[in-house]
Amino acid sequence: MGVTCVCQVPVSEGKSVQQTVDILHKKLEQLGAVKQGNFWVDCETYHATGNATGQPSKLLYVMHNSETPLSCMALFEGGPGLSADANFDVLMVKLKSHFQNAKGHKVESRGVRYRYCDFLVKIGTVAMSSSARGISVEVEYCACVIPGDCWNLMKEFMQSFLGSNTPELPTVFTSKAEGLSVPVDCMDTMSQYLELFGRVRKQQVLPGSGVR
Amino acid sequence: MADVMNVGVNLEAFSLAINAIQALRSSVTRVFDSLKDGMKNKETLEGREKVFITEFQDNLQSVNRDLNELERLSTLVGRPSESHPLHNSGLLSLDPVQDKTPLYSQLLQAYKWSNKLQYHAGLASSLLNQQSLKRSANQMGTSAKRRPKVQPSTLVLPIQYVDDVISRIGRMFPDMSIELFRPNGTSAVLLVTLGKVLKAIVVMRSLFIDRTIVRGFHENIYSEDGKLDIWSKSNYQAFQKVTDHATTALLHYQLPQMPDVVVRSFMTWLRSYIKLFQNPCQRCGKFLQEGLPPTWRDFRTLEAFHDTCRQ
Amino acid sequence: MEAPPVSVMPVTGGAINMMEYLLQGSVLDQSLESLLHRLRGLCDNMEPESFADHELVYLLKGQQGNPFLLRARRSLLHPPAPWHLRYLGQPEVGDKSRLALVRNCVDVSASHGLPEVLNEMGFRMDHEFVAKGQLFRKGGMKVVVSKLSRVLVPGNTENTEPLSLSYLVELSVLAPAGQDTVSEDMRSFAEQLKPLVHLEKIDPKRLM
C-alpha cells in the first residue's frame with residue numbers, strides 16, 4: 001500500500017479507446033515494465049428512497065478493488081467513508097427497501113497491471129453499461145507512504161510514459177487537514193477513482209467522435 | 001598470559017581422604033558381614049547374645065570414627081579453582097583418550113593464540129593511529145567525542161554500558177528513534193525508525209555492529225511468532241539497495257578501539273536517508289534511475305547519488 | 001508482490017445466509033461467581049476472554065414498515081480494533097416448539113469511519129450502552145456473561161451506571177440456515193446450567 005495517483009488519459013486524436021490503451025502498454029513495456037495480471041475497480045451507486053425532507057438524497061457509493069478482494073469501501077462524495085469486509089454487500093441487499101441500487105450507474109475500470117521496479121501501473125478501460133467511456137491510469141509507488149515525500153519522484157516517472165498528460169498532485173492529498181505528511185490509506189485511492197468515475201459519467205459524448 | 005589452571009587442591013589431604021574412604025568402606029562391610037554371620041557358637045544363650053552385641057557395637061563405632069575422619073579430611077581438601085579459562089570447555093579435559101582426540105589442548109592453544117593476536121593488534125592499531133592516513137583529522141560527525149582509551153577487551157562489555165551508549169545516541173537526532181531489544185541472550189538488536197521513511201534492524205555484538213537490514217516504514221517487522229524478524233529482505237527494491245549500502249557502510253566505518261564512535265558515525269550516515277525520496281541525485285539531477293531513487297549516500301559528504309551514478 | 005486473484009464478478013448479495021440461535025437468561029450479581037465457576041468447568045479449556053464494549057444502536061426510519069436497526073460495537077479494551085456492525089432480522093416464525101430464538105444475522109467488520117457514514121446514510125443513534133463481561137466458548141456455542149451499563153453523557157464511556165443488579169447471560173450459535181440440531185445442543189447445554197440460571201427463548205416482540 002503506497003502512494004497512489006489516479007488520472008484520466010484522454011483518447012488520442014483519431015484513435016479508439018483500445019488503440020490508446022495499446023499505445024500506453026507499448027510505452028510501458030519499452031521502459032521495462034512487466035505484466036503482472038489484471039485488475040478491476042468498480043463502483044455502484046445507491047440512493048436513499050423515501051427521503052422525508054424532500055432534499056435530493058445523498059448518493060452512497062460502494063466500491064471494490066481487486067487489490068483488496070475481501071474488502072468493500074463505502075463512501076460519500078466529498079464526505080466520510082469506511083472500509084468493511086465483503087459482508088457489507090450482503091447488508092446493502094438487506095437495506096434494499098431503504099437504499100436503491102441504481103444499476104445503470106455502475107461504472108467499472110478493468111485492465112492490465114504492470115510492475116516496474118517498485119512502481120505498480122494499472123491501465124484500465126472505464127466502462128459504463130458495457131460501453132467504453134474513457135481510460136484510467138493508476139500509478140502506485142509502493143515503497144513510500146507519505147505523498148509529500150515522493151510526489152516529485154512519481155511525477156518524473158509518469159512523465160516518462162504519459163508525457164503531457166501527467167496530472168498534478170491529487171486534491172485528495174492537498175485537501176487533507178493534516179497536510180501532505182500523513183500516511184496514505186486505501187480510502188484515498190478510492191476517492192480518486194470516485195472523482196474519475198464521476199467525470200466519466202458526466203461526459204455525455206463517447207470519446208472518439210471528437211465533438212465536445 | 002599464563003593459562004595454567006590454579007590447583008587449589010591440597011593433594012596430601014586428598015590422598016589421605018581417599019584412604020579414609022577405603023577404611024570406611026571396609027568397616028561398613030564388617031558390620032554387614034557380622035550381621036550376616038550371626039551369633040557365634042558359645043555355651044550359653046546370654047553369652048552368645050552378649051558377644052554378638054559387643055561385636056556389633058564395636059563395628060558401628062569404627063564406622064563412626066572413619067566417617068568423622070573422612071569429614072575432617074574433606075574440609076581440608078579444598079576446591080579446585082573456579083576460574084576456568086574456558087568455562088564449560090574445561091570439562092573437555094576430562095576426556096581420557098588424549099592421543100586420539102586432543103581437543104582440549106588444541107582448544108587451549110587456539111585460545112592463547114587468539115588472545116595474543118588481539119593484544120598485538122591493539123598495540124599495532126594504537127601505534128598506527130598516531131600516524132593518521134586519512135586526510136580529515138576528525139572522524140565522521142563532529143559530535144564524536146574523543147574518549148580516553150576504553151577497556152582493552154571491547155568484546156565483553158557490561159550490558160548497562162551498551163544500553164547507556166545506545167540511549168545517548170538515540171537522543172542525538174529528533175527524527176530518529178532507537179529501541180533496544182535482547183531477544184537472543186546478551187546481543188542487542190536495535191530497531192531504528194527514521195521518520196516515516198524506513199525501519200532498520202541492527203544486530204549488535206556487544207558494541208560492534210554485526211549486520212543490518214533495512215525495510216520500508218509500512219512493512220511488517222515481526223515474524224509469525226511475534227518476534228522481530230531479522231532475516232527476511234524488504235519487499236521493495238529501493239530498500240534492498242539501501243540494505244546493501246548499509247552493509248557497505250558497516251565495513252567502511254571501523255574503529256576497534258572506540259566502537260561507540262563507529263555506532264555514532266553509522267547512525268549519522270543512516271539519518272541522511274530521511275530524504276530518500278525527496279532528494280534528486282547530485283550527479284544526474286534526476287529522481288529515478290532504472291526506477292530507483294538515489295540510494296547511495298557518500299560516506300564523507302552524505303550527498304545523495306544513484307547507485308549507478310557514484311564515482 | 002504477486003497480483004491477487006481476480007474474480008469475474010464482485011461479491012453481491014445473496015451469499016451464505018447465517019442464522020443466529022439465541023437463548024437468554026440473567027443472574028444476580030451475588031450468584032455470578034458460582035456461574036462463572038460452572039462455566040469454566042463446562043466450556044472449552046481456555047482462559048475466558050474479558051471484554052468491554054461500547055455499543056451504539058442506530059435506527060433508520062423509512063416511510064413504511066418498521067425502522068431498520070443496526071448495532072455498531074467497538075472495543076474499549078483494544079481501541080485500534082475495527083468496529084463490528086450487526087444486523088439482526090425478524091425472528092423466524094416457525095413452530096412454537098422451536099427451542100431457541102432464530103434470526104437472520106449479518107456481521108460486518110468496518111473501519112473507524114463507521115459512525116459518520118451511518119449518519120450520512122440517514123441512520124440516527126437511538127441509544128448506546130457499555131457491556132463488560134466475559135466470553136466462554138464450547139465448540140460452536142458462545143456464552144457471554146455481561147453487565148450492561150447506561151451511558152450518562154452521550155459519547156462519554158467513562159461515566160456509566162449499571163442498568164440493573166444482574167448480569168445478562170446469552171448462549172448463541174451462528175450457523176447456516178436449515179440446521180435444526182443446533183437448538184437441541186443448545187437446549188442440553190442450558191439444562192446443565194440450571195438451577196444457577198434459566199436460559200430460555202425470549203421473544204423480543206413480547207417486550208415491546
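**Close-up views of a predicted two-chain model**

**View 1. Strands β2 and β3 of chain B.** Strand β2 (residues 189-194) of chain B runs antiparallel to β3(B), and six bridges join the two. Strands are DSSP runs of E of at least two residues and helices runs of H or I of at least four, numbered from the N terminus; two strands pair if DSSP finds at least two bridges between them. The model is predicted: local features need pLDDT of at least 70, side-chain atom pairs count only at pLDDT 80 or more, and totals for chains, interfaces and linings use all residues. Residues are numbered from 1 along each chain as its sequence is written, chains are lettered from A in the order in which they are written, and side-chain values use heavy atoms, without hydrogens and water. The hairpin of β2(B) and β3(B) has three residues between the strands, and Gly195(B) in the turn has a positive phi of about 50°.

**View 2. Val203(B) and its partners.** Val203(B) in β3(B) stands opposite Val189(B), and its bridge partner in β4(B) is Arg211(B). Of the eight residues of β3(B) (198-205), seven are buried (under 20% relative accessible area, 1.4 Å probe, protein chains only).

**View 3. The interface of chain A and chain B.** Contacts (heavy atoms within 4.5 Å) involve 20 residues of chain A and 18 residues of chain B. On the side of chain A, Asp149(A), Leu153(A) and Glu156(A) lose the most area to chain B, as accessible area (1.4 Å probe) lost on putting the two parts together. No salt bridges are found across this interface (a side-chain nitrogen of Lys or Arg within 4 Å of a carboxyl oxygen of Asp or Glu).

Key:
Buried means under 20% relative accessible area, exposed over 50%, partly exposed in between (1.4 Å probe, protein chains only).
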